[in-house]
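The entries follow the order in which I looked things up.

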Amino acid sequence: MSEPAQNGFNKQENGKAANERRHWVYIMLLVVIVFILLLMTLGILALRVENYLPEGTDIVFVVGKSPSVEFGDEKGSWKSGLDVDIFKSYYENDQQVVTVLSKEGDSLIAPGTQMQYYFIAYNKGNIAVTYETDIDFLFESAGQVKNDFAFPLKVRLKTDSGKYLIGGESEWVDISTAKVTKHVSVLGASSYEGFTLELIWAFEGGDDALDTMLGNMSASGGAKITLGIETYAEEHFEPTAQGGIVVEAEDGKPVEHGGTIRYFWLMLLFICIAILVFFIAWLLNKRLRKW
Amino acid sequence: MRKNRFLTIAGCLMVLCLLTTCVIGTTFAKYVTSGETQDSARVAKWGVQLQLAANDLFKNEYASNTSGYTGVTVKSHDDTDVVAPGTVEGVAARFSITGTPEVSTHVIISMTNVKDVVLVAGTYLDETTADPSDVFTLTQNYYPVVFTLRQVSGYDGVTLTPPVVLKSGTLADIRDWLTNYSATAYYAPNTDLDAVFEIVWTWDFAGANTNDKADTYLGNRAAGIAHADGAVENTHYVLNVGFEIDIRVEQVD
């Protein structure tokens, strides 16, 4: 082969090799991009799927959510259809003398009686919740509900930490006002909040005529009140929000909040990806050098 | 061919990635729960009722206090309430308490503006004789009208036969008795307060505690007959009787 022909052939061969190298660079770039996109998709899908998996299921680097909130008192969780013991069938004065006594043994209320009820909201889960505590009140006379009746009952509600949700240390709120007010708070993961609900029908409430009328109403056709406590909790947008009194775990470890990312594992994953990417790049580079 | 395949795969993954990112915020499931409880109570029964009979303590006309005669024995000439020796009211003022409250109670019965017929101790003209110089002397106040407070039925509603005499004497004596009674009349919840009391009175015509001379003197003063012994009405003698009675039942804290 003549020298010009040989040179031409070499140029052709070099051009071909250069093209081939360019192609492999493109392929390497594509592989890296595909790999990154694949990982991103998998990560997003994992976060998405995590919501439909059974509670507590971890997705390696995303802590599974285990929400669980209970409401109850010293006797246990509130059960649907079962009343709790807020009112009593008898009341004593400061000298332990019974001054109010039900003839029929059922719960009753009278001027001068004061009631107290303690209940708990316990967030056993690993995510914070926003919860609402509302008071409901009903007065019935002769079997008929009287919605607009100003019953002389006052209430206040405070937490174990001393914060008053209704009323204050020296302030009682009319039950008609308390029942229309919303009380919203935050309860952190693995935390509880205790509430003390206090009720009073003041002996010297200032309206003896009303008190007497209610007593006579009870003697003739009947007069009855129903007090309800309603609570509602929903997942807080920030799983690590704080609120209430934290319950220490038995092993002493801090709670791992649901929905949070285990950054250590994530970092480890990225390191593995980086190592893989560099390894692939090294292999391709080696191949290119052979050409 | 390989380049095209990789490009296709990369393109599909990019689209999938973008799609997933778009829907992540819209269908994020949220945990919710609720709890509720309640309790009911009856208002403690009161139902205490008080009754006080119309004040016809001193009628204008009286039936005789002797059997066999039902005519009028004493009658006021001007229809004002009068009392006179021998007049008796069988049933005078009557008041009652009923109810079984489920709370502790305090019964308070008080008497005020008490006024007894009285001739104060002293010396007065004896108008039972024709001699205008005759006098008689009272060594102590003379209360001709005797009042009796008695309980007709007990606290369980049972009629008491005969009625139990709680106090007999002047209205002031009955007032003081009621004051002492009220000081300790505290009752536990569910006590049947049903009880009926009455006040009767009598002005004896004759008997150990009567005084004809004093009765005559008072009667003449009530009739408006002039006298010359210097006695002044409402100082030396009182001709009217009267009282106000107040009954209250209160819850005890």
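Entry 1, confidence. I am working from a predicted model, so I looked up the scores before anything else. The model has an ipTM of 0.73 and a pTM of 0.72. For chain B I noted a mean pLDDT of 79, with 72% of the residues at 70 or more. Which elements of chain B have the lowest and the highest mean pLDDT? Strand β4 of chain B, residues 72-75, is the lowest at 42, and helix α2 of chain B, residues 171-184, is the highest at 95. Residues 23-28 of chain B have pLDDT below 50, and the model gives this stretch four contacts beyond near neighbours in sequence. Residues 60-79 of chain B also stay under 50; here I found 21 contacts beyond four places in sequence. Where pLDDT is low, the predicted coordinates should not be read in detail, so I took nothing further from such places.

I listed four helices and 15 strands for chain A, and three helices and 15 strands for chain B. Chain A has 291 residues, of which 25% are buried. Chain B has 253 residues, and its buried share is 25%.

Entry 3, a sheet in chain B. I traced an open, antiparallel sheet of three strands in the order β12-β6-β15 of chain B. Strands β12 (186-187) and β15 (242-251) of chain B are at the edges, each pairing on one side only. Helix α2(B) packs on this sheet and touches β6, β12 and β15 of chain B. The direction of α2(B) makes about 160° with that of β6(B). How many bridges join β6(B) to β15(B)? I noted nine, with β6(B) spanning residues 105-115. Within this pairing, His106(B) is opposite Glu250(B) of β15(B).

I looked up which residues of α3(B), residues 212-222, are buried: Lys213(B), Ala214(B), Asp215(B), Tyr217(B), Leu218(B) and Arg221(B). These buried residues pack against four strands of chain B, namely β7 (118-119), β8 (122-125), β9 (135-138) and β14 (237-238). After α3(B) comes Gly224(B), with a positive phi near 85°.

In soluble globular proteins, nonpolar side chains tend to be buried together. I found that the largest nonpolar core here holds 43 residues. Leu108(A), Ile109(A), Ala110(A) and Val155(A) have the most contacts inside this core. What does Ile109(A) contact, leaving aside neighbours within four places in sequence? I listed Phe87(A), Trp201(A) and Ile225(A), together with Ala41(B), Val43(B) and Ala44(B). Another core, of 33 residues, lies apart from the 43-residue one; among its members are Ala219(A), Ile109(B), Phe147(B) and Leu149(B).

I placed Asp207(A) in the loop between β13 (191-200) and α3 (208-220) of chain A. Is Asp207(A) buried, exposed or partly exposed? I put Asp207(A) down as partly exposed because 14 C-beta neighbours lie inside 10 Å. Pro152(A) is 55 residues from Asp207(A) in sequence, yet their C-alpha atoms are 8.7 Å apart in space.

Note on methods
Residues are numbered from 1 along each chain as its sequence is written. Chains are lettered from A and ligands numbered from 1 in the order in which they are written. This is a predicted model: local features need pLDDT of at least 70, side-chain atom pairs count only at pLDDT 80 or more; totals for chains, interfaces and linings use all residues. pLDDT is the predictor's confidence in each residue, from 0 to 100. Helices (H or I, at least four residues) and strands (E, at least two) are DSSP runs, numbered from the N terminus. Two residues are in contact if their C-beta atoms, placed from the backbone, lie within 7 Å. A residue is buried if 20 or more other C-beta atoms lie within 10 Å of its own, exposed if 12 or fewer, and partly exposed in between; C-beta atoms are placed from the backbone. Two strands pair if DSSP finds at least two bridges between them. Axes are lines fitted to C-alpha atoms, for helices over the stretch in contact, and angles run from 0 to 180 degrees between N-to-C directions. A nonpolar core is a set of buried Ala, Val, Leu, Ile, Met, Phe, Trp, Tyr and Cys residues joined through C-beta atoms within 7 Å.
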